[in-house]
Structure formats: structure tokens, C-alpha cells
Amino acid sequence: MIHTFELSKEISKETFEQMIHNPQYGLRWDKSSFTTMQFADKGLTMVRLRKESDKSNKNYKHYMVYISVNVGSMLKGGDPHTSNNINGFVPSEVIYKEICEIIPCLDEYPEVRAAMKAEEEKWRAGQGIDAEKWIRLNDFWVEHNTFKANRIDFTIDIFFHPHEYEKLLKSGYEIKHRDYCHINIYNKAQELQDKGLPFNPNRNYDFLRIEIQANKGKLQSLLDKMEDGGIPLYIESQCRKLDYFLFPEIEEDVLTFYVDDITGTGLYVPKNEA
């Protein structure tokens, strides 16, 4: 399951300047970056813009945008508090297109997207569609509007006796923090109550969530493992595209690694048998 993730992309200086000076984006300087939560209700929970120096040439600046995405909020009828099944996850290009609908200046080729929409309108009007043309346009658009995965929050939601698991965890393992990964374990209903967040009264939120935030370093190591054959190879290059992480093998690798990291590799037996 995936709850939220952060995407990043290098943008032009012109787009960077356009965004920070446009009041409709509500960007404010916050220590090291310009940030806004203006689009949280549309699924973009946080948008950050920052200038970063090139590692080999400190005088050269990269203009970056970082976007935290809650898919439940982004997609119509979704629930921002629930996780998304990795097997039924929407293609990443759907997310990229939605981002560019919300923040149009991030679209590198709006004229190509407009041509695609024109073909789609023909199809809706019953006039037929030039499928080859649409596919060609779509492939070009996606290639030039792809974001990189900067962080992915993998989750397990436990509905079976969640409070008993909470007691066991509190009396057992210490939750560890790594530079490249952070583990959160909490009762979702309790979190909603503590933070006063709105929720669907017809949905059960009384579950224990185990959330593993895999940062850029961990994601890169997963790509390295793919290349080494530890995980089936789904990629053509090492590029942290979101699609490369939307597989059960990736989720299993992350969750298994950190469960083992918490519990260790010893033999566990009941206390009376120890």
C-alpha cells in the first residue's frame, strides 16, 4: 500500500520566477525554500521551490520543484486518510497530468497536451480518434513531463485487533530512524481525533498503520538492487521514475527489510520456552 509520496523535477529559471511571483500560488519563503499548501484540497499537500547548487560547479544553480502528493485527495471520490493498493495504482502519467492541470506552468509542452485533448474530444463526440497520433503525442508529453520519486510512504494498515498490536509494540521494539528511512506506527482514528481532521463518518478508521517513509537514498538502493537482480528488472535506466516503484516486489522488499531491522534475526520463542 502507498499513502503519499514526494515528486521532484528541475524546472526553468523562468518558471521558477513565474511561480514565486504569482500570488495565486501562495508561495512563502520558509528558511530554505518557497512553500505553499494552496492546493492541499486537490491532492498536492505541499509544493516547495528551491535553488540548489550544482555539485561540480557551485556557480551553477538548479531550479527545483518538490511536490508532496496524496492520491486519495487528488482522485475524485478518494479518501485522503486511506492507503492505495499498489496493485491497483493509477499510472504515474495520470498523476503528472493532474499536477499540470493544477499548476499549468509546470507543463513543458502545453500545446502537445492541447492536441491530445482535441483528439479526446473527437472521441467523446463520436467522431473517432486517431489512436496512433494520440499515443505518439502522449509518449512525447510524458517523456518531457516526468517527475522523479523523492520519497514514498509505504504502509500496512492492520484492522484485526489493532489495539492489541499497539500494546505489543509499545512494550517491545523501539522504532528506529535512519537517514534514508523513517518508520511511524500509529492508530489512525486516534490521529484524526488528536489533530481534529475531517473524515468520512461511514468509514472505519480504527486501524493500526505502519508507515515506512523511504527517502531518496533508499529508493536509489532499490533501483540498484533491481539492476543486480535482487528484484525483477523493470527499468531501462537508473532514473527514480514513480512507475519503477509501483510493484509488489518493491513493497515487499521495503517492508521486509525494516521489519527485520526492528526485530533482528534471532530465534523468537514464547517466554516460558526461552
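The model you are looking at is predicted, so local features need pLDDT of at least 70 and side-chain atom pairs count only at pLDDT 80 or more, while totals for chains, interfaces and linings use all residues. Residues are numbered from 1 along each chain as its sequence is written, and side-chain values use heavy atoms, with hydrogens and water left out.

Let us stay with H163 for a moment. This histidine lies in helix α6 (residues 162-171); helices (H or I, at least four residues) and strands (E, at least two) are DSSP runs, numbered from the N terminus. Leaving aside neighbours within four places in sequence, H163 is in contact with N187 and D206, where contact means heavy atoms within 4.5 Å. H163 and D206 are 43 residues apart in sequence, and their C-alpha atoms are 8.8 Å apart in space.

Most residues other than glycine have a negative phi. H161 is partly exposed, with a relative accessible area of 48%. Another positive phi, near 65 degrees, belongs to K31, in the loop between β2 (28-30) and β3 (33-36). K31 is exposed, with a relative accessible area of 76%.

Now step back to the whole protein. It holds 9 helices and 9 strands, and 41% of its 274 residues are buried. Among contacts between residues at least 6 apart in sequence, 67% join residues at least 24 apart.

The buried residues of α3 are S92, I95, Y96, K97, I99, C100 and I102, and they pack against β1 (2-11), β4 (44-53), β5 (61-70), α2 (71-74), α4 and α5. Not counting residues up to four places away in sequence, I99 touches L7, L44, I67, V69, M74, L106 and F147.

How do α3 and α5 meet? Their axes come within 11 Å and cross at roughly 75 degrees; axes are lines fitted to C-alpha atoms, for helices over the stretch in contact, and angles run from 0 to 180 degrees between N-to-C directions. The two helices are therefore roughly perpendicular, a term for angles of 65 to 115 degrees. E93, Y96, K97 and C100 of α3 meet W134, N138, W141 and V142 of α5.

Helix α5 (residues 131-144) also has a partner in α4 (residues 110-124): their axes come within 9 Å and cross at roughly 150 degrees. That makes α4 roughly antiparallel to α5, the term for angles over 145 degrees. On the α4 side the contact is made by V112, R113, A115, M116, E119 and E120, and on the α5 side by K133, W134, L137, N138, F140 and W141.

Technical notes
Angles under 35 degrees count as roughly parallel, over 145 as roughly antiparallel, 65 to 115 as roughly perpendicular and the rest as oblique. Buried means under 20% relative accessible area, exposed over 50%, partly exposed in between (1.4 Å probe, protein chains only).
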